[in-house]
Amino acid sequence: MYQPNTLHTTEASSNRFVVLFDTTDDEQRNVYAPRLLSAQGFTTDTYFPRLGIGVVDGEPTQLQALQVRASDERAALRFVPELTYHVLSEAPSTSFADTDEATWGLQAVRALDSDLSGKGIRVAVLDTGFDAAHPDFADRSVTTKSFVSGEDASDGHGHGTHCIGSACGPRTPQTGPGYGVAYEADIFAGKVLGTNGSGTDTSILAGIDWAIENDCHVISMSLGADVRDVHPPYVQAGRRALDQGSLIVAAAGNNARRAQGDPGFVGTPANSPYVMAVAALDSDLQIADFSAQSLAARGGQIDMAAPGVNVYSSWPGQKRYNTISGTSMATPHVAGLAALLAQGTGSRGRALWAELVQEAQRVQLSSLDAGTGLGIVAAKL
């Protein structure tokens, strides 16, 4: 049996406009609006009083005159072209690959289609530190601090520099493809994991506190522990961050072995209900074999997914660049997107979370695996 599918818009219909009367006043919607349309020569056959919306034929100049009259009479009115819609029987299969210009991840999240750069937005990446001598970041605003006892903020591991590159690296590096989503964001590199790649609640919570103190709008944490139970410190820390306008984005975890029938589970801190949990997709937009699946418990859900397999980004030392995989690689893509949306919409905290979820592109995967879908930024923003 045929079932209608998701709709998408295409071209605007010629000389057809949708007129919106933005009011909660019943009399304005039911009496004033149709009277005004009639007085200006428009038919009211397709005026919907419960919505305060009508569809009319006319020229833009006629609609502008209608808008002026409404304004003179202290009524809020606007109009937009009527669009044409079509059913989508099935989402097209999609595959991405690195090019000379950009990584497949940048292409997939549509960062290249947006004019946003993350300028004016502060992104904290709490990880293994950062290679401050990396030439691709020579002209960038980077603030570093170590919370690991006995170690400075430099990156002796590589993971932190790679994550910072995906979130905030350049679009036109010295060599190779562009790889950074929010390429003009201010970077705060907090070293909360040591050179051995591990850290404790003490260093991580100190890093979160530092990021909030520095008014960071986005906090990216590509770290975790394979613990099913929600860890109370990150419930409180995540909530307090949102209250103060900071969104924490964290890796869902790499404990799945899907080819062997084990879907894994979202670990801490991503399983906090106040921390956005990110899963990893491959370049065919399929779930990565290692990417953890949602738990039934509150807070244990995947919130969205992003590129996380064979991701090219910056690396410390003479190597300069590396290609690696993990939900760790997906997380900074979402952090970069959050920075773009924070710049484009002015949203912060919970509102920024809502913007990310709203923008997400559905993929042909269960929400248990990919949440609301692939994180993207719309070209219109």
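Predicted model: local features only at pLDDT ≥ 70, side-chain atom pairs only at ≥ 80, totals over all residues.
Residues are numbered from 1 along each chain as its sequence is written, and side-chain values use heavy atoms, with hydrogens and water left out.

An open sheet of seven strands, paired in parallel, runs in the order E6-E7-E5-E8-E9-E10-E11. Strands E6 and E11 (304-307) stand at the edges with a single partner strand each, so one side of each is left without a neighbour in the sheet. From one strand to the next the twist averages 25 degrees. Helices (H or I, at least four residues) and strands (E, at least two) are DSSP runs numbered from the N terminus, and two strands are taken to pair if DSSP finds at least two bridges between them. Helix H4 (residues 159-168) packs on this sheet, where it touches E5 and strand E7 (186-191), and its direction makes about 155 degrees with that of E5; axes are lines fitted to C-alpha atoms, for helices over the stretch in contact, and angles run from 0 to 180 degrees between N-to-C directions.

Strand E8 (residues 218-221) is covered on both faces, with Val-218 and Ser-220 buried on one side and Ile-219 and Met-221 buried on the other. Buried here means under 20% relative accessible area, exposed over 50%, and partly exposed in between, with a 1.4 Å probe and protein chains only. Strand E5 (residues 122-127) pairs with E8 in the parallel sense over three bridges, and Val-125 stands opposite Ser-220 of E8. The parallel pairing of E8 with strand E9 (residues 247-251) extends over four bridges, and Met-221 has Ala-250 of E9 as its bridge partner. Between E8 and E9 the chain passes through helix H6 (residues 232-243) in a right-handed β-α-β crossover, a term that applies if, with the strands pointing away from the viewer, the path from the first strand over the helix to the second runs clockwise. Further along the sheet, strand E10 (residues 276-281) and E11 are also joined in parallel over four bridges, with Ala-305 in E11 as the bridge partner of Ala-279.

Thr-128 is located in the loop between E5 and strand E6 (142-146) and is buried, at a relative accessible area of 1%. Its side chain forms a polar contact of 2.8 Å with the side chain of Asp-155 and reaches the backbone nitrogen of Gly-160 at 2.7 Å. A polar contact is a pair of N or O atoms within 3.5 Å; within protein, one must be able to donate a hydrogen and the other to accept it, and residues adjacent in sequence count only if both atoms are side-chain atoms. Neighbours within four places in sequence being left aside, the residues in contact with Thr-128 (heavy atoms within 4.5 Å) include Ser-154, His-157, His-159, Lys-191 and Leu-193.

His-159, which lies in helix H4, counts as buried at 14% relative accessibility. A polar contact of 3.0 Å links the side chains of His-159 and Ser-328. Beyond four places in sequence, His-159 is in contact with residues including Asp-127, Thr-128, Ser-222 and Trp-315. Trp-315 is also among the residues touched by Asn-322, along with His-162, Val-311, Tyr-312 and Ser-313, residues up to four places away in sequence not being counted. Asn-322 belongs to strand E13 (residues 321-324) and is buried at 16% relative accessibility.

Helix H7 (residues 327-345) is mostly covered, with 16 of its 19 residues buried.

Arg-74, in the loop between helix H2 (60-72) and strand E4 (77-87), has a positive phi of about 60 degrees and is exposed, with a relative accessible area of 78%. Arg-110, in the loop between helix H3 (104-108) and E5, has a positive phi near 65 degrees and is partly exposed at 33%. In the loop between E9 and E10 lies Pro-269, and the peptide bond from Thr-268 to Pro-269 is cis, with omega near 5 degrees.
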